[in-house]
Amino acid sequence: MTAPRWDRLWLNVRLATMEPDGAAYGAIEDGAIATSGDRIAFVGPRQDLPAAPEACAVVVTDCGGAWITPGLIDCHTHLVFGGERAHEFELRLEGASYEEIARAGGGIRSTVNATRGASEDVLFASARSRLRETMAQGVTTIEIKSGYGLSTEAEMKMLRVARRLGAELPVDVRTSFLGAHALPPEYEGRQSDYVKMVCDEMLPAIAKAGLADAVDAFCENIGFTPAETDAVFDAARRNGLAVKLHADQLSDLGGAALAARHGALSADHLEHTSQDGVAAMAKAGTVAVLLPGAFYFLRDTKVPPIEAFRRAGVPMAVASDCNPGSSPALSLLLMLNMACTLFRLRPEEALAGVTRNAARALGLNDRGRLAVGLNADFALWDVGRPAELCYWIGGNPCRSVVRRGIER
């Protein structure tokens with residue numbers, strides 16, 4: 001029998017396949033992984049190779065015992081925005097309230113003003129710098145939301161920048177339209193008119209331009225009501241787009257159950273989610289996206305119902321929520337540590353949260369695990385065990401990243 005001729009073969013590796021059944025982390029000691037084109041062609045114990053390594057692949061690499069995981073996936077970010085809000089951080093530490101900062105022109109409106117006033121090139125340059133930081137830590141797929149434009153043109157500008165990032169950098173970018181993020185100043189006192197504009201003008205234009213993969217909303221007392229969120233999600237479905245939701249972060253408005261009712265890919269934040277919300281998510285298969293960076297930065301004390309999610313079998317993802325106001329986080333690895341330390345996730349759960357469950361939260365079934373036929377996206381790590389990815393604070397043991405079969 002003729003041995004397969006793969007493009008590349010990595011030997012002397014330990015594989016955290018993140019397959020849900022079997023050994024912890026789906027681990028394979030003394031493993032091997034091979035690629036053909038942009039797909040995984042072999043993954044398994046080295047002894048299962050069909051022939052001598054040099055007969056199997058054009059290029060053979062000895063990894064010296066490194067661990068390989070699927071490429072990491074950051075499934076909730078607001079990476080594209082204008083300006084920054086470090087001064088507000090200083091003011092809050094000195095005792096200023098959010099309301100006082102907002103009255104002085106700060107808060108989300110300051111980011112909206114900066115984003116509206118920035119050119120696409122300026123937004124691209126700042127977002128590219130942030131994206132490179134996270135890519136260096138093993139990230140191969142990232143979701144980027146709009147939501148700081150709050151007008152048709154400004155929202156489309158943000159989404160064009162996000163698409164451009166994916167076109168010009170070796171990373172896959174998924175985009176979410178978050179027009180229902182906040183009320184723009186020109187619609188003060190006319191929230192229903194703004195929601196109508198989101199549904200009837202913004203969303204169809206963005207869908208027609210192919211700029212969004214999903215639609216998100218902020219369902220909260222300081223955001224949009226459940227009825228308004230229903231209207232936005234109905235419009236998303238009419239335009240053929242999946243939905244996800246910022247749910248139950250500050251209060252329980254039934255956001256998790258609302259998301260589940262619409263078959264949402266994910267419900268995110270979830271600090272105040274009720275048992276009914278957990279049950280609804282479990283029944284719908286909606287992923288719980290945990291955002292420990294925002295929990296930490298806002299000094300929250302209400303932890304999401306982790307044990308209830310476990311008992312109900314709700315998949316839990318972990319993401320950075322990178323944004324200028326509540327989670328200026330550029331390290332998904334740090335989020336792993338926070339998820340374990342603040343939310344008490346086990347390291348295997350946290351790593352699943354940035355691989356297979358994060359892929360599910362984006363509606364992607366071609367990544368997030370190491371398996372034959374999936375995207376050849378993976379990262380090599382200089383660690384002794386996978387739990388070290390959650391253990392180190394501020395370190396980056398990523399040796400190299402392979403994306404679509406090409407080492408970047």
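Phe 177 stands opposite Val 215, a residue of strand 9. The model is a predicted one, in which local features need pLDDT of at least 70 and side-chain atom pairs count only at pLDDT 80 or more, while totals for chains, interfaces and linings use all residues. Residues are numbered from 1 along each chain as its sequence is written, and side-chain values use heavy atoms, with hydrogens and water left out.

## Exercise 1: strand 9 and its partners

Determine which strands are joined to strand 9 by bridges, and how the chain crosses between them.

**Solution.** Begin with the terms: helices (H or I, at least four residues) and strands (E, at least two) are DSSP runs numbered from the N terminus, and two strands pair if DSSP finds at least two bridges between them.

Step 1. Strand 8, residues 172–180, runs parallel to strand 9 and is joined to it by three bridges.

Step 2. Strand 10, residues 242–247, also runs parallel to strand 9, here with four bridges, and within this pairing the bridge partner of Phe 218 is His 246.

Step 3. From strand 9 the chain passes through helix 8 (residues 226–238) to strand 10, and this β-α-β crossover is right-handed, a term that applies if, with the strands pointing away from the viewer, the path from the first strand over the helix to the second runs clockwise. A right-handed β-α-β unit is likewise made by strand 8, helix 7 (residues 191–208) and strand 9.

## Exercise 2: the surroundings of Thr 141

Locate Thr 141, and list what it touches beyond its neighbours within four places in sequence.

**Solution.** Step 1. Thr 141 belongs to strand 7, residues 139–145, and it counts as buried because its relative accessible area is 0%.

Step 1. Taking contact as heavy atoms within 4.5 Å, the partners of Thr 141 include Leu 72, Ile 73 and Asp 74, together with Asp 172, Arg 174 and Asp 377.

## Exercise 3: two aromatic pairs

Classify the pair of Phe 81 and Tyr 148 and the pair of Phe 89 and Phe 297 by their geometry.

**Solution.** Step 1. Rings of Phe, Tyr and Trp (its six-membered ring) pair if their centres lie within 6.5 Å, and planes under 30 degrees apart count as stacked, over 60 as edge-to-face and the rest as tilted. The structure holds eight such pairs.

Step 1. Phe 81 and Tyr 148 lie 6.4 Å apart centre to centre with 80 degrees between the planes, which is edge-to-face. They are 67 residues apart, Phe 81 in the loop between strand 6 (72–74) and helix 2 (86–93), and Tyr 148 in the loop between strand 7 and helix 6 (152–168). Phe 81 and Tyr 148 are both buried.

Step 2. Phe 89 and Phe 297, at 5.3 Å centre to centre and 20 degrees between the planes, are stacked. Phe 89 lies in helix 2 and Phe 297 in helix 11 (residues 292–297), so this pair ties together parts 208 residues apart in sequence. Phe 89, at 36% relative accessible area, is partly exposed, whereas Phe 297, at 17%, counts as buried.

Step 3. Return to Phe 81 and note that Arg 130 lies over its face, 3.8 Å from the ring centre; the rule asks for NZ of Lys or CZ of Arg within 6 Å of the ring centre and within 35 degrees of the ring normal.

## Exercise 4: cysteines

Step 1. Cys 199 is buried, with a relative accessible area of 8%.

Step 2. Cys 322 is also in no disulfide, the nearest cysteine sulfur being that of Cys 75, 14 Å away, and at 3% relative accessibility Cys 322 counts as buried.

Conventions. Buried < 20%, exposed > 50% of the residue type's maximum accessible area, 1.4 Å probe, protein only. Disulfide = S-S within 2.5 Å.
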